Amino acid sequence: MNIIVCIKQVPETTEVRINPETNTLMREGVKSIINPFDMYAIEEAVRLKERFGGKVSIVTMGPPQADSALREAISIGADEGYLVCDRAFAGSDTWATSYTLAGAIKKMGSFDLIICGKQASDGDTAQVGPGISTHLDIPQVTYVKKVEEATDKHMRVERMLEEGYEIIETPLPALLTVVKEINEPRIPSLKGLMRAKSAKIVILTQKELALDPQQIGLCGSPTQVVKIFTPQPRAGGQMLSGEVSDIAKKLVDLIKDEVI
Amino acid sequence: MPISILIEKCTGCSLCVKACPFDAIRIMDKKAFIDLNKCTLCGACKDACKFKAVLLEKTPLKCDLPEIKDYKGIWVFIEQKNGRVQSVSYELLGKAQELAKKLRCQVSGVLIGNKLEDQLDELVFCGADNIYLVESPELANFQDEPYTKILVELIKKYKPEIFLCGATNIGRSLISRVAINIKAGLTADCTGLDIDPAKNILLQTRPAFGGNIMATIISPNYRPQMATVRHKVFTPLEADKKRKGKIIKENFNPSLYFSRTKLLDIIEEIESTVNLSEADIIVSGGRGMGGADNFKLLKEFAHVLGAAVGSSRAAVDSGWMPYSHQVGQTGRTVAPKIYFACGISGQIQHLVGMQSSKIIVAINKDPEAPIFKVATYGIVGDLFQVVPELIKTFKEVLHK
């Protein structure tokens, strides 16, 4: 089974803090990590490969330093990495990003399955996975929490909903987006780390992909950011103190209108 | 290059450095320098520069733009499950009516499913001027492919200028596919929607980086302008039984309803009866709960309040609560009227999932816990004393 996993390198959000004096983001020394949801996608792909054979290819679109994300993926069991990287792709929104990644996937050769994390932790849109499957015209199942059954022709999976889950069968090739519940990602082995260090990362630029220049980068992006600002911080809170029974009475008085 | 610094105008004042949310600008030799590998072309530096030294090419070169003037009206995707319209759809109809007043246009709902006649009146009472209704037994439950194909056909036929959809699991899967198909701009999880009065375009404001920054996004050259919105962000209109609406039944060739994926079963598994995303009140517990058994206390409290029970990641990872109850970055984002955080320290990953709640009540032993920074009301104390007292007092007030 040939599996492609799409990943994104993101800032480790725990370290993104607002400087209270200047009200700007403090990103000094912010570490870049693989989007946490993509870790589950990589792990699931590696588990499927271990059952069925085949290979796991990782693709990411980003600046040259996203190379390290691809190597990390290789250290936990992926076989090869593709970096889609060109200034022509800068400023892409989710439409242009999914178009570009779909183009890269076509270039990477035949596949049975594509797995993505349910969303990226920096953008939170959950749009690129479904975007890729639409550009490639393959079926999709989003929010997958369990693979119940798989052959090289079809899969039966559990798809999470707000109040339960659905059991869905899909023919392959297909695209899945996965949630945290699906597995527990492994930590890299020493052998994996060695392999990651020496692995050759394939760089795909606009020259190789030859995509429609009207559909990539800023020009290919229907959405534009017009303003970026820091949100109003929450108004200062009120601490309640005293005997437990007094606190309870005070609090109930303060919020009972919202309850009734 | 789409962005550059006009060296002769740049004074090296570093206003742009401070404005850049992506840490992409440095001052070198008293001139600003943009690291294009970090830059996302967001334009914050251009707005901040007092000397007009930032040049940003924002206009698309030459794209196949649709005839924008032909697109009219605001549409809302009406999400139904088991034949029941979801609350987020009513919230969107309410907001759509507010926007429609500014644009002087109509609001239409699109409802796809089977045997939905009994839902139509309420939709009209709550703001739908028209309802496009597509019914067929194959469409009873949501499936990505047929629902996408139907929406694409309807949008091509009727040309709405704005299209809103709930940011639910179904909505996010569906609407992404629609936007790709018709090449439209789509903004996820908007917390603010407004109309630019000069240009009559939709201003879509959404949080990014877990709510640490906000971005306002437009798609001026494509139609419809599409956005998803989470539960509880907007308020539904009060049902007005005098409101009239038009029902427009649409039929398609049944081949359009074919789906490559097959829905085999739907399993409900919510522990309590209240859906976390839709709950008005959530009682959440964290590491401070100390064990699975102690969640009984929160379930009792939730029962008294008619609330849903949530959980921090720590409590889920310890196996005390199922993952479907997890609030936070890797769980659900919620915005209830009241959020009780019991024994939750308030790691940033938890805060991003609940900090839009109207009232936050934090109960924690540790006065230094970060949860108190976002709390509307903070109580430093033992939750096993405080919560039972709250249950007692609320029972009295609510006469239970």
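Start with chain B and colour domain 1 (3-56), domain 2 (68-257) and domain 3 (276-398). These bounds come from an automatic or database domain assignment. This is a predicted model, in which local features need pLDDT of at least 70 and side-chain atom pairs count only at pLDDT 80 or more, while totals for chains, interfaces and linings use all residues. Residues are numbered from 1 along each chain as its sequence is written, with chains lettered from A and ligands numbered from 1 in the order in which they are written.

Colour by pLDDT (the predictor's confidence in each residue, from 0 to 100). Chain B averages 90, and 95% of its residues reach 70 or more. The model has ipTM 0.90 and pTM 0.86.

Now view chain B whole. Its C-alpha atoms fill a box of roughly 65 × 65 × 40 Å along the principal axes. Switch to cartoon for eleven helices and 22 strands. Helices (H or I, at least four residues) and strands (E, at least two) are DSSP runs, numbered from the N terminus. Of the 400 residues, 50% are buried, meaning that 20 or more other C-beta atoms, placed from the backbone, lie within 10 Å of the residue's own.

Select domains 2 and 3 of chain B. Their C-alpha centres lie 32 Å apart. Seven residues of domain 2 and nine of domain 3 make the contact; two residues are in contact if their C-beta atoms, placed from the backbone, lie within 7 Å.

Next, show chain A. 88 residues of chain B touch 78 residues of chain A. Pick helix H6 (residues 169-182) of chain B: it gives the largest share of chain B's side, eight residues. By class, that side has 45 nonpolar, 27 polar and 16 charged residues. Here Ala, Val, Leu, Ile, Met, Phe, Trp, Tyr, Cys and Pro count as nonpolar, Asp, Glu, Lys and Arg as charged, and the others, Gly among them, as polar.

Stay with both chains and find the open sheet of four strands, E14(A)-E14(B)-E13(B)-E12(B), paired antiparallel. Strands pair if DSSP finds at least two bridges between them. Strand E14 (224-229) of chain A and strand E12 (192-196) of chain B are the edges, each with a single partner strand, so one side of each has no neighbour in the sheet. Inside chain B, five bridges join E13 (residues 201-208) to E14 (residues 213-218). There, B:Arg206 has B:Ala215 as its bridge partner.

Finish at E15 (residues 238-240) of chain A. Three bridges join E15 of chain A to the parallel strand E22 (residues 377-380) of chain B. Select A:Gln238 and its bridge partner, B:Tyr377.

Key:
Buried ≥ 20, exposed ≤ 12 C-beta atoms within 10 Å, placed from the backbone.
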